[in-house]
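Please keep the sequence and the structure in view while reading.

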Amino acid sequence: MADSASLSSELAGRYATALYELSVEAGQLLVVEGDLKSLKSALDESADLRDLATSPIYTREQQSDAMGAVSDAMGLNGLTRNVLGLMAGKRRLFALPAVIASFEEKMADYRGEVTAEVTAAAPLTDDQLAALSDALKASVGKTVMLNVTVDDSIIGGLVVKVGSKMIDSSIKTKLAKLNNAMKEVG
């Protein structure tokens, strides 16, 4: 199963890289980015579109025709339309969400941005978000986009993940460490 996941990721990376490079050459980078954002929203909102992309019951022709109709209805750029047609023709639409995610990563690199996954015990104020963003920017040297989720089970504090680095200052973790320390002593 891990082999199929890495194959899918590798496949998505190749499609995203090709689309990115073609977009740069054509001077259509921001247009294609907008197309992919629209497609991502459409995939999130439409169970039928997700089913079309992932279900093996549809033929290549049915997927190609449907993606052509979706492209027309959404007014997608020629580059985006061609990649969707190619993916449908090769029965690789299942990788579309991963292609979009990989393209988003390339755009973040292009802009010098990095995304931080933040878990907080309660919603953060605008001032707290700004302070956290500034502190992370000083630490990583790039503009930081915050993806904040609220999880009251951490009791207090924050869990921040940027790339492969994680900072866990949650009270839940501190209590667990204290509990373990007390078990060692007793």
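Ile 155 sits in the loop that links β2 (143–150) to β3 (158–162). The model is predicted, and the mean pLDDT of its chain is 93. The points below are grouped by topic.

**Positive phi**

- Most residues other than glycine have a negative phi.
- Ile 155 is not a glycine, yet its phi is positive, at about 70°.
- The relative accessible area of Ile 155 is 53%; the cut-off for exposed is over 50%, so Ile 155 counts as exposed.
- Arg 91 also has a positive phi without being a glycine, here of about 60°.
- Arg 91 lies in the loop between α5 (78–89) and α6 (96–111).
- With a relative accessible area of 26%, Arg 91 is partly exposed.

- β1 (113–120) and β2 run parallel and are joined by eight bridges.
- Within this pairing, Thr 119 is placed opposite Thr 149 of β2.

**Largest pocket**

- The volume of the largest pocket is about 410 Å³.
- Its lining consists of 16 residues.
- Nearest the centre of the pocket are Glu 104, Glu 105, Ala 108, Val 114 and Thr 115.
- Two or more lining residues come from each of α2 (29–45), α6 and β1.
- Helix α6 gives the largest share of the lining, with seven residues.
- Sorted by class, the lining holds nine charged, five nonpolar and two polar residues.

**Confidence**

- A pLDDT of 70 or more is reached by 97% of the residues in the chain.
- Among the elements of the chain, α2 has the highest mean pLDDT, at 97.
- Helix α2 is also one of the elements that give two or more residues to the lining of the largest pocket.
- The lowest mean pLDDT among the elements, 87, belongs to helix α1 (residues 2–26).
- Where pLDDT is low, the predicted coordinates should not be read in detail.

Definitions and conventions:
Residues are numbered from 1 along each chain as its sequence is written. This is a predicted model: local features need pLDDT of at least 70, side-chain atom pairs count only at pLDDT 80 or more; totals for chains, interfaces and linings use all residues. Side-chain values use heavy atoms; hydrogens and water are left out. Helices (H or I, at least four residues) and strands (E, at least two) are DSSP runs, numbered from the N terminus. Buried means under 20% relative accessible area, exposed over 50%, partly exposed in between (1.4 Å probe, protein chains only). On a 1 Å grid over the protein atoms alone, a cavity is a set of points where a 1.4 Å probe fits but cannot get out, and a pocket is an open set with protein on both sides within 12 Å along at least five of seven lines; lining residues have an atom within 4 Å of a point. Grid points are joined across faces, edges and corners, and a volume is the space filled by probe spheres set on the points. Ala, Val, Leu, Ile, Met, Phe, Trp, Tyr, Cys and Pro count as nonpolar, Asp, Glu, Lys and Arg as charged, and the others, Gly among them, as polar. Two strands pair if DSSP finds at least two bridges between them. pLDDT is the predictor's confidence in each residue, from 0 to 100.
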